[in-house]
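Welcome to this short tour. Open your viewer, and we will go from one stop to the next.

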Amino acid sequence: MISASVRAFCIVFSLGCLVAATAAETSAADRKSSLPRPDETVDYKTTPQGKLQLHIFKPKTESSSPQPAIVFFFGGGWVSGSPSQFYPHCRHLADRGMVAIAAEYRIKNKHETTPFECVEDGNSAVRWIREHAADYQIDPKRVAAGGGSAGGHVAASTATLKGFDAASEDRSISSQPDALVLFNPVVDTTDKGWAAGSRKLGDRAEELSPLQHIHEETPATIIFHGTGDTTVPFENVERFCEAMKKAGHRCELHGYTDRPHGFFNYGRSKEDYQDTVEKMDQFLVSLGWLEKQ
């Protein structure tokens, strides 16, 4: 038989676990509720797995001239994730005068799709923004793509890979961005780079690897990456930037000492989030897309 003292301990322990779990859920809910909200959501693509939306943040003051835009793709290993990851970045840039967008794209957990559909959807999102530039006072020659981890891969792929376009779209409208803003991105999906990605892609790994497809039109890029990242090793982005510079392109790499994967996220570290946002801002100022503060 279980003694009264053991039963009491079990009850107290169970209650403690419940309180801890509830506190964690409440904390996560509080973080989510504190996020800025998009000004508009719009369907940009209909797929066999359902419709996909863009979550749009607009500048608070109207401009007499077209403004630059940026679209962010969330991380999650091509398996999971949410556009809300980049809501804080979008609100910051919208407040600075850009049209900032967090994109949905197909993922395995929700749509039972592969990384190839992720890249196709990234191209579709950039193309849709250019096609509807006049509707949102966007300059179609100043459209950036950004993202974190696998979302960084999607963004980098729109700037490097060819041939991953939906057949129904007007391919005379370019899906290549004019700048890249990448946070611990997957840039090498071969066995020399992100091993987990290589295993998922098999003999098609190099086909979906941005590093191996840098070309003469790959745009100026800024990368934020932790040197302690064990998910996507720092040397991956070092090789990417080296290849970019060898091709004559600008690649600005900011390494954060001993930081792990995902260090930059809002709510993870206030200091790291703020520092990466400030450097992102400075990069866009240097391109002439934002006014210097």
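Are Cys-241 and Cys-251 buried or exposed? Select the two and look: both Cys-241 and Cys-251 are buried, where buried means under 20% relative accessible area, exposed over 50%, and partly exposed in between (1.4 Å probe, protein chains only).

Before going on, note that this is a predicted model, in which local features need pLDDT of at least 70, side-chain atom pairs count only at pLDDT 80 or more, and totals for chains, interfaces and linings use all residues. Residues are numbered from 1 along each chain as its sequence is written, and side-chain values use heavy atoms, with hydrogens and water left out.

Now show the sulfur atoms of your pair. Cys-241 and Cys-251 form a disulfide, with their sulfur atoms 2.1 Å apart; the cut-off for a disulfide is a pair of cysteine sulfur atoms within 2.5 Å. A disulfide is a covalent bond between the sulfur atoms of two cysteines. The link of Cys-241 and Cys-251 is left-handed, with -60° about the S-S bond. Cys-241 lies in helix α7 (residues 234-246) and Cys-251 in strand β8 (residues 251-256), so the pair ties together parts that are 10 residues apart in sequence. Searching the whole structure gives 1 disulfide.

Next, select Cys-90, which counts as buried because its relative accessibility is 0%. Then move to Cys-118: its relative accessibility is 0%, so Cys-118 counts as buried.

Finally, zoom out and colour by secondary structure. The protein chain has 8 helices and 8 strands; these are DSSP runs (helices H or I, at least four residues; strands E, at least two), numbered from the N terminus. Of its 293 residues, 52% count as buried.
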